[in-house]
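Hi,

Here is the structure I promised to pass on. Have a look at it first, and then read my notes below.

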Amino acid sequence: MIKPDTRPFILTRASYAGGQRYAATWTGDNSATWNHLRLTTSMLKNLGLSGFSLAGADVGGYAGTPSAELLTKWIEIAAFQPLDRDHAEKGTGPHEPWANGPTQEAIRRRFIDTRYELLPYLYTVMEENIRTGLPLLRPLFLEFPDAAADHHPIDLDPDAGGEFMVGPDLLVAAPPFPDKANDYDAKLPSSGWYDFWTGDRVGQSHAPPLTDGQQPNSAARTFMSTAHIHPDIASLPVFVRPGAILPIAPLVQSTGQRPEGPLKLRVFPGPNCAGELYQDDGTSFAYKQGNFLRMTFSCNVAKTNGTLAIHIGKPEGSYPAWWRQITVEVDGFSKRPLAVTVDGRTTSFDPVSHSVKVLLTDDGNGMDVVVPEPVP
């Protein structure tokens, strides 16, 4: 090998079972049509279940010229898919994000920026993929196999055909027919979800009927919920699982740029509250010798008084963090908390609409943040 210490990147259209160990792939030469945008989601779900987690589709369509609205919606959805590549054949019209004027460019920029900010989460899930085989883009039934009242996979419902999970904690509820302006109900395979963009609680719960001998408060019951969506070209419904802790980075312009500023942890209180962060140099095999960084996070709401306790674990591995500070942002508050403590010491905080932000100095030893106020 010319560069034996550098990870290769190979993109292949033709492959076979086991080929995911050697190359990424894509869905082939698609067309600039709304139908091919719809097909992308089901194709990537199937590729992920077949082992090909690092996969994508030609954004905007390879053959033909997309309309401004089609290109914008495709860029929005692809921002949450594993391989995000805008690609077309010679002779087609412009596919670049800045095509079609400043209004479309601004919408597309927002979603591309969001993808870069989510890179710590996306990279962490991809590291999970190489250890467990779980894909980045997942069908809902992989995380929630029993969400429907009759236990059928929600993904089979025509009105949920555009939905997919990004790792264990994000749910993208793209319109089932993205070229239509019809309202629809996003199906959320449990209750208590948060709006990713605003941090607000969403969803109307739909409890399945009780079975013989089952109690109303049985932990075995699952509660599907719905969120009513009025689609428009500038938005994409994205929801966060209750109990998620998402690591988010300051905006960068490429993966080769070092982030400047604090690491953000967005905390969405709920059951089994936890999160993880994995980092390495992204190019070499040094992680095999321990040159990586892994952190775990958790939160717990006390049953007695509603106090929220957040634990930030001590990093594992020898790879240095790019941050010196951590911003903890807790979503879901209905009113201003009385105080926030860090390792037992009262600290200042910034109350924002439905959330609380705390800026912490990270000394590399982990820390505990306590918010003594109920979180609904």
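Glutamate 276 has threonine 296 as its bridge partner in strand E16. That bridge belongs to the antiparallel pairing of E15 (residues 274-279) with E16 (residues 293-301), which runs over six bridges. A quick word on terms: two strands pair if DSSP finds at least two bridges between them, and helices (H or I, at least four residues) and strands (E, at least two) are DSSP runs, numbered from the N terminus.

Before you go further, note that this is a predicted model, where local features need pLDDT of at least 70, side-chain atom pairs count only at pLDDT 80 or more, and totals for chains, interfaces and linings use all residues. Residues are numbered from 1 along each chain as its sequence is written, and side-chain values use heavy atoms, with hydrogens and water left out.

Back to E16, which also pairs with E17 (residues 308-312), antiparallel again, over five bridges. Here phenylalanine 297 has isoleucine 312 of E17 as its bridge partner. E16 and E17 make a hairpin with six residues between them, and glycine 306 in the turn has a positive phi of about 75°.

Now for the disulfide (a pair of cysteine sulfur atoms within 2.5 Å). The structure has one, and it links cysteine 273 to cysteine 299, S to S 2.0 Å. Cysteine 273 sits in the loop between strand E14 (263-268) and E15, and cysteine 299 in strand E16, so the pair ties together parts 26 residues apart in sequence. The torsion about the S-S bond of cysteine 273 and cysteine 299 is about 105°, so this disulfide is right-handed.

Are these cysteines buried or exposed? Buried means under 20% relative accessible area, exposed over 50%, and partly exposed in between (1.4 Å probe, protein chains only). Cysteine 273 is buried at 7%, and cysteine 299 counts as buried at 9%.

Elsewhere there is an open sheet of five strands, in the order E5-E6-E7-E12-E9, with antiparallel pairing. Strands E5 (137-138) and E9 (194-195) stand at the edges with a single partner strand each, so one side of each has no neighbour in the sheet. Inside that sheet, E6 (residues 163-166) and E7 (residues 170-173) pair over four bridges, and glutamate 163 has alanine 173 of E7 as its bridge partner.

Finally, take a look at helix H3 (residues 102-117). Its buried residues include Ile107 and Phe111, and the buried residues of H3 pack against helix H2 (68-78), strand E4 (83-86) and helix H4 (119-132), where contact means heavy atoms within 4.5 Å.

Cheers

Technical notes:
The expected span of a helix is 1.5 Å times one less than its number of residues.
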